[in-house]
Amino acid sequence: MRHDEAPGTSGIGDDALLADLRRIASMVDAPPGSVAAAARAAFLARDLDGELAVLIADSRAAGDRDYEPVRASDIEPAQGRWLLSFSGGGVQVDMEVEEHHGRLRLIGQLLGSSDADCFLDSAGGRRLVEVDELGRFIVADIAPGPVRLRCRSVDGRVVTTAWVTV
């Protein structure tokens, strides 16, 4: 700064200075890639006219007695397996989340949904989910993180589950 300049007037315009500071900050302290990917997926997967299916039960929740072990009494969330249920827009979604070597698999059933146009949204993008005539589906090789299902109810409305971190 020259001696005859007022403080804050370095000869560089404010816009140019801010642009330089943004560039430096993005190089030194950029957000993690997973944050940007999750934000991009959430923005691209939005549907303002759709119905929301809310999480009504999660076997990981302490004291959640909506789920009782059926096949074994020692299934614990710490073992990498838990159950989730969503309801809304005339659709019920029940699914088991299973973790194996850092990847996840969803096994579930949709009730009140058509077997077409079902997708899994995640930070990794959108994947088509194949649903059989009974509403059953399996989605394998999912990275841990936020996910949601999007499908159509039998009357054609788009129904999306709330985001849940798996």
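My entries go from the overall picture to single residues.

**Ground rules.** This is a predicted model, so I noted that local features need pLDDT of at least 70 and side-chain atom pairs count only at pLDDT 80 or more, while totals for chains, interfaces and linings use all residues. Residues are numbered from 1 along each chain as its sequence is written, and side-chain values use heavy atoms, with hydrogens and water left out.

**Confidence.** I checked pLDDT, the predictor's confidence in each residue on a scale from 0 to 100. The mean is 80, and 77% of the residues reach 70 or more. Residues 69–78 stay under 50, and the model gives them five contacts beyond four places in sequence; contact here means heavy atoms within 4.5 Å. Where pLDDT is low, the predicted coordinates should not be read in detail.

**Overall layout.** I found two helices and ten strands, which are DSSP runs numbered from the N terminus (helices H or I, at least four residues; strands E, at least two). From the N terminus, the order is α-α-β-β-β-β-β-β-β-β-β-β. Of the 166 residues, 30% are buried (under 20% relative accessible area; exposed is over 50%, partly exposed in between; 1.4 Å probe, protein chains only). Among contacts with a separation of 6 or more, 53% are between residues 24 or more positions apart.

Is Glu98 buried or exposed? Glu98, in strand S3 (residues 91–100), is buried at 18% relative accessible area. Its side chain makes polar contacts with the side chains of Arg81 at 2.4 Å and Arg105 at 2.7 Å. A polar contact is a pair of N or O atoms within 3.5 Å; within protein, one must be able to donate a hydrogen and the other to accept it, and residues adjacent in sequence count only if both atoms are side-chain atoms. I then saw that Arg81, Glu96, Glu98 and Arg105 are linked in a network of salt bridges (each a side-chain nitrogen of Lys or Arg within 4 Å of a carboxyl oxygen of Asp or Glu). Within it, Glu96 and Arg81 meet at 2.8 Å, N to O. Glu96 lies in S3 and Arg81 in strand S2 (residues 81–88), so this pair ties together parts 15 residues apart in sequence. Arg81 counts as partly exposed because its relative accessibility is 31%.

The structure holds twelve. Asp141 forms one with Arg103, the closest N and O atoms being 2.8 Å apart. Asp141 is in strand S7 (residues 136–142) and Arg103 in strand S4, so parts 38 residues apart in sequence are tied together.

**Around S5.** Which residue meets Asp121 in a salt bridge? I found Arg148, at 3.2 Å, N to O. The pair links Asp121 in S5 to Arg148 in strand S8, 27 residues apart, and both residues are buried. S5 pairs with S8 (residues 146–152) in the antiparallel sense over four bridges; two strands pair if DSSP finds at least two bridges between them. S5 also pairs with strand S6 (residues 125–128), again antiparallel over four bridges, and a hairpin of two residues joins S5 to S6.

**Ser113.** My last stop was the loop between S4 (103–111) and S5 (119–122), where Ser113 is found. With a relative accessible area of 15%, Ser113 is buried. Its side chain reaches the backbone oxygen of Arg152 at 3.0 Å.
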